[in-house]
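Dear colleague,

I am handing over the structure below, and my notes on one helix pair and on the pockets follow it.

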Amino acid sequence: MTLSFGYPSPAEFEDEVRDLVTARTASRIASGDATLWGDAAEAEASKRLGWVGLPESSVELLDEIEKLRAELAAEGIDHVTLCGMGGSSLAPEVICATAGVFLEVVDTTDPGQIAEAIGTDLQRSVVVVASKSGSTIETEAQRRAFAEAFEAAGIPAASRMVVVTDPGSPLAQLAEQEGYRKVFYADPRVGGRFSALSAFGLVPAGLAGADIAGLLAEAREIAPQLEHDSPDNPAVQLGAFLGVAHARETDKLVIARTTSSIVGLGAWLEQLLAESTGKDGEGILPVVVEGPDAPGFSDARADAMLLFVGEVTGEATPPSGFACAVDYPLGAQFLLWEYTTAITGYSIGINPFDQPDVEAAKASARALLESDSPIDSEEPLFTVGSVEVYGSPHLLEGVDTLEEALRALAAAADEYGYLAVQAFLDRISDRRAELIRQAAALRTGLQTTFGYGPRYLHSTGQYHKGGRPNGVFLQITGSPRADVLIPGESYSFGQLQAAQAAGDADVLTDRGRPVLRLHLRDRAQGIADILAAFGFEDV
């Protein structure tokens with residue numbers, strides 16, 4: 001386990017470390033002291049510090065999970081599907097990818113991806129329905145779709161449904177009424193993005209066959225270091241690193257995997273850091289890139305820190321002077337970064353446990369679904385081939401080509417702003433859309449993020465609306481190849497997806513964030529058209 005840093009001012013870093021140690025940040029977090037972040041945050045923090053004890057308390061889940069896995073295997077059930085959003089899916093996805101075991105993650109409302117998921121071999125399938133609140137709109141829609149599919153296949157849905165939720169939630173009540181196979185109750189004192197080592201992370205990963213006992217052991221091994229008020233505490237060091245960089249206006253953390261065996265940690269870190277720190281006009285924006293040679297990392301500018309997941313490879317000193325390498329096993333990484341995020345919140349001066357701007361997009365989407373008006377009633381400003389072009393007021397004045405529209409969006413960003421690509425598409429069939437991140441970063445020089453919708457709404461969506469107001473937004477939507485009805489609802493998955501995209505765009509526009517929406521009549525061709533407009537050649 002190694003941790004290394006580069007920073008422009010050793011004295012400034014050491015001063016911040018000393019301040020964090022003097023304030024006893026680590027031991028106060030470990031003891032559940034909710035006063036650390038100030039009076040305004042105390043009420044929320046008092047309900048959100050249960051994660052510090054998970055390496056020990058979650059051990060009691062292991063036998064239950066293994067028993068259920070053995071029962072399922074005896075019945076020939078070996079395909080595990082997880083329906084969950086944000087903190088209910090990101091950690092188990094990383095755990096399973098790193099362990100090399102298959103877990104089907106359904107964290108979408110895209111009708112094509114939903115149809116593909118419910119079209120799997122249901123005879124061999126069990127579905128884990130995970131929602132802390134028990135009322136997540138995407139998860140409830142997915143649950144209904146799977147329940148209907150099981151019944152249509154002659155399989156009692158209740159026998160194939162496993163639930164992870166907080167006690168007393170609407171999902172817990174439903175599971176009891178319907179007689180679902182198993183309900184795992186999570187600790188309500190653990191927030192979603194801090195729940196990697198709770199039932200939310202362990203149940204789906206354990207049922208899929210990952211070594212979750214080993215994961216908890218890795219977390220227990222590092223825990224004593226993280227609880228200690230010492231300049232050698234790695235969480236104190238990382239918190240100081242992020243806090244000092246943020247104070248210097250270096251507010252993007254560009255994340256690349258190098259030598260680590262961990263697969264996909266960046267996506268989990270993205271939610272943890274963006275949703276925890278991106279508020280009150282402040283925050284750290286994680287930028288997950290394809291590798292250390294990718295645009296945004298290899299050509300980082302003064303607004304970016306570099307994070308090597310693994311050992312340092314290549315050039316390790318960006319113009320900002322801020323770089324770090326973190327090479328720990330996955331269980332240790334989870335707990336380390338949770339402590340780091342809480343300490344960074346103290347350093348920046350924000351409450352790391354709330355998400356005050358997340359509800360706005362949800363409310364906007366609900367209003368669109370409940371309205372009598374069509375969701376997609378707006379006329380495009382112009383159409384190029386298979387791409388319809390829409391934009392915020394005044395963004396596209398005098399523009400009539402796709403290339404000009406993309407240039408206008410980039411020009412609306414601050415010099416050290418960022419561009420967020422929000423793709424309301426199929427994570428599997430439309431995966432080529434991920435190249436748009438590289439294309440945009442190369443052409444614009446801006447730090448560029450990529451997120452699938454509505455997945456990103458449960459991750460970076462808080463930062464987009466509550467963090468530093470220097471982002472521009474490229475939203476990509478697509479006509480579904482075929483739609484899928486949501487049982488018991490008056491709207492379909494396609495309509496829900498469209499409402500979520502439009503709702504978020506409306507909220508961003510209302511807050512003065514420039515939004516360019518490109519709607520793809522033909523998804524494959526539209527993605528190719530966008531890449532061509534950026535001048536990108538995929539070698």
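In this predicted model, helix α7 (residues 111-118) packs against helix α8 (residues 137-152) at an angle of about 40°, and their axes are 10 Å apart; axes are lines fitted to C-alpha atoms over the stretch in contact, with angles from 0 to 180 degrees between N-to-C directions, and helices are DSSP runs of H or I with at least four residues, strands runs of E with at least two. Where they meet (heavy atoms within 4.5 Å), I114, A117 and I118 of α7 face Q142, A145, F146 and A149 of α8, a contact with 6 nonpolar, 1 polar and no charged residues.

The largest pocket holds about 1300 Å³ of space and is lined by 44 residues, with A267, R427, R431, E434 and R455 nearest its centre. A pocket is an open set of points on a 1 Å grid over the protein atoms alone where a 1.4 Å probe fits, with protein on both sides within 12 Å along at least five of seven lines, and lining residues have an atom within 4 Å of a point; the volume is the space filled by probe spheres set on points joined across faces, edges and corners.

The second largest pocket, of about 870 Å³, has 35 lining residues, and α15 gives the largest share, 6 residues.

Residues are numbered from 1 along each chain as its sequence is written, and side-chain values use heavy atoms, without hydrogens or water. Local features need pLDDT of at least 70 and side-chain atom pairs 80 or more, whereas totals for chains, interfaces and linings use all residues.

Best regards

Technical notes: Ala, Val, Leu, Ile, Met, Phe, Trp, Tyr, Cys and Pro count as nonpolar, Asp, Glu, Lys and Arg as charged, and the others, Gly among them, as polar.
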